[in-house]
Amino acid sequence: MKSDLFASENLARATVTPGMSLQNAKSVKYNVNGEMLARQGSMVAFRGNLQFERKGQGIGGMLKRAVTGEGLALMSVRGQGEAWFAHQAGNCFIIDIEHGDGLTVNGRNVLCFDPTLSYEIKMVKGAGMTGGGLFNSVFTGTGKLAVVCDGHPIIIPVTPQAPVHVDTDAVVGWSAQLETGLHRSQSVGSMIRGGSGEAVQLKLSGEGFVIVRPSEVTETAAAH
């Protein structure tokens, strides 16, 4: 059988080393030898001897509640084999987190990560209950984290002299050491419609960076 469908860039990549790698721009491959974690429903294919289990609350809090921002649930994948992960054909990126690093990520952008990473669910300081509470995941430790983003992300440096204001529906993540707060301004949309509503942005101050996606969350996307 012959077809452009069978072009080399579309074929499953051969396993070389344990852990995660990009299969292509829209999916991540994970060579599992033990355990890894991923968002529930993100596995699109697997082969080998793998077991999938929802992460829950363990006795004495040994297992953190597996819920990140906006009610995103996690699952553990155990065993030996290969698994592929994707989410709504979003663009995938792998981030190497090193000792001393800290990255805050919106739950809707978490795809999968190494079990060597520590994660903690935190309410964004200074954000109150805006945007459903703005519960994000803070990743620390050493390992790889795969994030998914609608469109091509924008990476904006943050400096003490130049804080950055971002739309709470468009932000993907930011350096964990940045200070957060809310900034209210006249809504451009309401001005166009002749209204007088306010828009609320997340203000990030300090030294680091922020990741923004070039689109806001739609009601349909947020429902999935």
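**Reading a residue, its salt bridges and its rings**

Modeller: Let us start with His87, whose place is in the loop between β5 (72-85) and β6 (91-97), and keep in mind throughout that this is a predicted model.

Biologist: Is His87 buried or exposed?

Modeller: The general idea is that a residue under 20% relative accessible area is called buried, one over 50% exposed, and one in between partly exposed. His87 has a relative accessible area of 19%, and is therefore buried.

Biologist: Which residues does His87 touch, once those up to four places away in sequence are not counted?

Modeller: With that exclusion, His87 touches Arg39, Leu111 and Val148.

Biologist: Turning to charged pairs, how many salt bridges does the count come to?

Modeller: The rule looks for a side-chain nitrogen of Lys or Arg within 4 Å of a carboxyl oxygen of Asp or Glu, and by this rule the count comes to five salt bridges. One of them is formed by Lys29 with Glu82, where the closest N and O atoms are 2.9 Å apart. Since Lys29 lies in strand β2 (residues 27-39) and Glu82 in strand β5, the pair ties together parts that are 53 residues apart in sequence.

Biologist: Are Lys29 and Glu82 buried or exposed?

Modeller: Lys29, at 4% relative accessibility, counts as buried, and Glu82 is buried as well, with a relative accessible area of 11%.

Biologist: Which residue's side chain, besides that of Lys29, meets Glu82 in a salt bridge?

Modeller: The side chain of Arg47 meets that of Glu82 in a salt bridge, at 2.4 Å from N to O. This pair, too, links distant parts of the chain, with Arg47 in strand β3 (residues 43-54) and Glu82 in strand β5, 35 residues apart. Whereas Glu82 is buried, Arg47 has a relative accessible area of 45% and is therefore partly exposed.

Biologist: Which residue forms a salt bridge with Glu53?

Modeller: Glu53 forms a salt bridge with Arg78, the closest N and O atoms being 3.0 Å apart. Glu53 lies in strand β3 and Arg78 in strand β5, so that the pair links distant parts of the chain, 25 residues apart. Both residues count as partly exposed, Glu53 at 45% relative accessibility and Arg78 at 32%.

Biologist: Why is the pair of Phe113 and Tyr119 edge-to-face?

Modeller: The ring centres of Phe113 and Tyr119 are 5.4 Å apart and their planes stand at 65°, so this pair is edge-to-face. Phe113 and Tyr119 are both buried, and together with Phe139 they form one aromatic cluster.

Technical notes
Residues are numbered from 1 along each chain as its sequence is written. This is a predicted model: local features need pLDDT of at least 70, side-chain atom pairs count only at pLDDT 80 or more; totals for chains, interfaces and linings use all residues. Side-chain values use heavy atoms; hydrogens and water are left out. Helices (H or I, at least four residues) and strands (E, at least two) are DSSP runs, numbered from the N terminus. Buried means under 20% relative accessible area, exposed over 50%, partly exposed in between (1.4 Å probe, protein chains only). Contact means heavy atoms within 4.5 Å. Rings of Phe, Tyr and Trp (its six-membered ring) pair if their centres lie within 6.5 Å; planes under 30 degrees apart count as stacked, over 60 as edge-to-face and the rest as tilted.
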